[in-house]
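User: Hi, I'm new to this one. Please walk me through it, starting wherever you like.
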Amino acid sequence: MSQLTSRQPFPWSRSAVRTTESPISWLMAKTVGDPEILSLAAGFVDTDTLPQDLVKTAFEKVFADASNAREILQYGITPGSRRLRQELAKRLERQGLTNVDPDCIVISNGGQQSLYTVTNVMVDPGDIVLVEDPTYFVYMDVLRSAGARVIGVKTDSEGMMPDALEERFAELRAEGVRDRLKILYVMSYFTNPKGCNPSTERRKALFDIYQRELADGQYLMIEDASYRDLCLEGPDEPFIKAHDPSNEHIFLSGTFSKAFAPGFRLGWSYMPRELHDAVARQKGNQDFGSSNMNQAIVAELLASGAFEIAAGRFRDRYRAKRDVMLAALKEFWPSSAHVLKPMGGLYVWTELEGINTDPGSEFFNRVLEKKVLYVPGRYCLCDETQGPRLTNGMRLCYGVIRPEPMREAVRRMGEVVAAMS
Ligand SMILES: Cc1ncc(COP(=O)(O)O)c(C=O)c1O
């Protein structure tokens, strides 16, 4: 008779071992587990503004024709619905890009899948990725899982700083690892977490450095434009991609989540042809393509103009909510608190003088005792920072919370700041 041995742990792959739980999961679980919590942490969109009416109309139209309905209930093709890619290409051209080829677009399950897939295409363990510091922490999770060495580049109120980027390139050369650089990841609109919007000049300066550095070896620039449709104030800045009219360099990533409906789980990316085929193959391995039905609805909404109506409603709502948050910060927090006014997006970045905001810090715990949550800046910092590590930053999101509880959350936090100042 065979002897049953005690069960051994599964022999995880190296990638599974590197894939640790995202800190945001803990914050989300806290929010869901306690309905009294006022969360300024969750990056969800405004529930009241979700375009239920416009989506219903589009559904009815798309399903009115039986053969059309059956077609979209069938599997689609991996890069995504042709109609949606064509509508998207037209929209990108309306937004200033030229000659956008729908065959260089891949539709994905949210922008997150585009980032994940292109990272799989480009990065082996030990390869280097340059990112803003602080940066979008869920992408940092993807990079760590891929085994990348994530190096931060200093940011100011306009995002990634050109001088700091040049410094990083010089360091990579001095260390003899410039050939391991695979990706430069830049958020080009209302960044997560700082809410920065690079000026026209800043966009050009970053692209110029990227291009100059190609002389020392090929690498990819990812432009993450997820928040482009949420411009609340000021001019509509051009895509960095506009500097790449022959579509040779930049992987432009976007989403239908932020200004429309994250429930569709649809995003997109527009990229050089050679990359397109590699990205599509990776996506094919994951899912054979995103939901054909969801893509048909979004294509219809783009074609009818309803998408722009929904985006406009979100902008109006967020402008009002952002102003409520800024007014509450002014009213309830000391003037020594640094508050970066966002011109768009979903986040207000704040820094407190002399107060540590890390998870588990006295400040964090006291705020949590008052049933308020924020995203500690620490979660968004890279492993390799330039200069001293920031310990006093916070991301406050006005996306999903309603104005009154938001004011109350800011007020309670202000009490803690005052008690600890
Ligand atoms: C900067 C940035 N990029 C990409 C994403 C991915 O969003 P989604 O997968 O919903 O498109 C997010 C979501 O918060 C984000 O903040």
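User: Where is proline 193 found?
Analyst: Proline 193 is in the loop between β6 (181-187) and α9 (200-213). Helices (H or I, at least four residues) and strands (E, at least two) are DSSP runs, numbered from the N terminus.
User: And which residue does a cis peptide bond join to proline 193?
Analyst: Asparagine 192, with omega about 15°. Another cis bond runs from aspartate 133 to proline 134, and its omega is near 0°. Proline 134 sits in the loop between β3 (128-133) and α7 (137-145).
User: Before we go on, what kind of model is this?
Analyst: It is a predicted model, in which local features need pLDDT of at least 70, side-chain atom pairs count only at pLDDT 80 or more, and totals for chains, interfaces and linings use all residues. Residues are numbered from 1 along each chain as its sequence is written.
User: Thanks! How is the protein divided?
Analyst: There is a domain 1 (14-51 + 309-420) and a domain 2 (75-304), with bounds from an automatic or database domain assignment. Their C-alpha centres lie 24 Å apart. In the contact, domain 1 takes part with 37 residues and domain 2 with 37 residues; two residues are in contact if their C-beta atoms, placed from the backbone, lie within 7 Å.
User: Which elements supply the side of domain 1 that touches domain 2?
Analyst: At least two residues each come from α1 (14-18), α12 (306-332), β11 (347-351) and β14 (393-397). The largest share is that of α12, with seven residues. By type, that side of domain 1 has 20 nonpolar, 10 polar and seven charged residues. Here Ala, Val, Leu, Ile, Met, Phe, Trp, Tyr, Cys and Pro count as nonpolar, Asp, Glu, Lys and Arg as charged, and the others, Gly among them, as polar.
User: Switching topic: how many residues surround the ligand?
Analyst: 13 residues do, and the closest are Gly110, Gly111, Gln112, Thr255 and Ser257. The shell divides into nine polar, three nonpolar and one charged.
User: Back to β11 and β14. In what order do the strands of their sheet come?
Analyst: The open sheet has four strands, ordered β10-β11-β14-β13, with antiparallel pairing. Two strands pair if DSSP finds at least two bridges between them. β10 (338-340) and β13 (375-376) are the edge strands, each pairing on one side only.
User: How many bridges does β11 have with β14?
Analyst: Five, in the antiparallel sense. β10 and β11 form a hairpin with six residues between them, where glycine 345 in the turn has a positive phi of about 80°.
User: Why is β11 largely enclosed?
Analyst: Because four of its five residues are buried. Buried means 20 or more other C-beta atoms within 10 Å of a residue's own, exposed means 12 or fewer, and partly exposed is in between; C-beta atoms are placed from the backbone.
User: Which residue has a positive phi although it is not a glycine?
Analyst: Arginine 265 has one, about 50°, in the loop between β8 (250-255) and β9 (267-270). Arginine 265 has 18 C-beta neighbours inside 10 Å, so it counts as partly exposed. Lysine 371 also has a positive phi, about 65°.

Technical notes
Near = placed C-beta within 6 Å.
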